[in-house]
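This report describes selected surface and aromatic features of one protein model. Please read it beside the sequence and the structure.

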Amino acid sequence: MCGTGLAEQWNDIRRRDLMDKEQDKQQLDGSPSCADEEQPIADEGNASPDVSQLPTMSKNQMKKKRRLEKKMEIKKRRKQQEREARHAKAIAEGRDLDEERRQQAIRTAAGDSKRRKAAVWAERMEQANKNFQVAVDCAYDSQLTAKEINSLASQIRYCYAVNRRSSAPCFLAATSVAGLTLEHLQNEAGFAEWTSRAFTSTDKDLTAYYPKGRHADLIYLTRDAESVLDTLEADKIYIIGGIVDRNRLKKAALARAEELQISTARLPIDTYLQKMESTRVLTCNHVFGILMHYREHRDWEKALCSR
């Protein structure tokens, strides 16, 4: 097939993708589908049905379920379209896909990919030794709702992802991890491999995990602290309180730090973002992202705006 024909095939795939996206948008905006019209939720005009046959979900739950199913179907179709587009582009570029797959299979069988990744992370772990450390204190589980615990686990996952992608990662720990928080993290794909990528999860309390000789290096970050964080020091360990709704648990992090006799500090939000009141309360992953951004650029204003 000539290059022009392949390009037309690729463009046709992209056009169909755009049309499907417009149709998907209309469906998600609430437009009824044929399936919805043919399958009513309930037939209230008929005689009283057998109670054992009644649906266990409410109408709102049924609508949410159908909406989720539509989203999953859309996501699956878009992935297939993206694969087709990449395939058409590769052929248009003259690439031998069969040979590429064969070479990839050889490298996988030989374990080259794993060895290469291990070597890369060994080098990055050396870099992490020169950086500050960060810990997420998960000792607030008893004060959190199940939904908040789920959110906290997601925030820890985002912290790990940011650290993994960073050109200068740090050692990241999650302390007092147990119960639902641990359960949510263990459900994350590849969680068992996180420990080889500068991450530690432990059920030990903050001061039990870090040796007494390092307690003087611990700095608990809380907006209620009097001291302002001017810079980040490589020999310090910065603690982020694992609190999701900080407006509900006011000054909980400060009380926790005072109980453990740990130094406290707050980000210089008042100095650099005086007009942005909403930024005074940040999620765990936002705080972690700010620290990593400042580590790279040494500019608080850019770091705070990068959240």
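Lys-79 lies in helix 3, which spans residues 59-92; helices (H or I, at least four residues) and strands (E, at least two) are DSSP runs, numbered from the N terminus. The model is predicted, so local features need pLDDT of at least 70 and side-chain atom pairs pLDDT 80 or more, while totals for chains, interfaces and linings use all residues. Residues are numbered from 1 along each chain as its sequence is written, and side-chain values use heavy atoms, leaving out hydrogens and water.

Lys-79 is partly exposed, because its relative accessible area is 45%; the term covers values between buried (under 20%) and exposed (over 50%), with a 1.4 Å probe and protein chains only. Glu-258, in helix 9 (residues 252-260), is exposed, with a relative accessible area of 55%.

A pair of aromatic rings is described by the distance of the centres and the angle of the planes. Rings of Phe, Tyr and Trp (its six-membered ring) pair if their centres lie within 6.5 Å; planes under 30 degrees apart count as stacked, over 60 as edge-to-face and the rest as tilted.

| Pair | Centre distance | Plane angle | Type |
|---|---|---|---|
| Phe-132 and Tyr-238 | 5.7 Å | 85° | edge-to-face |
| Tyr-294 and Trp-300 | 4.1 Å | 15° | stacked |

Phe-132 lies in the loop between helix 5 (112-128) and strand 1 (133-137), and Tyr-238 in strand 5 (residues 237-241), so their pair ties together parts 106 residues apart in sequence. Phe-132 and Tyr-238 are both buried, and Tyr-294 and Trp-300 are buried too.
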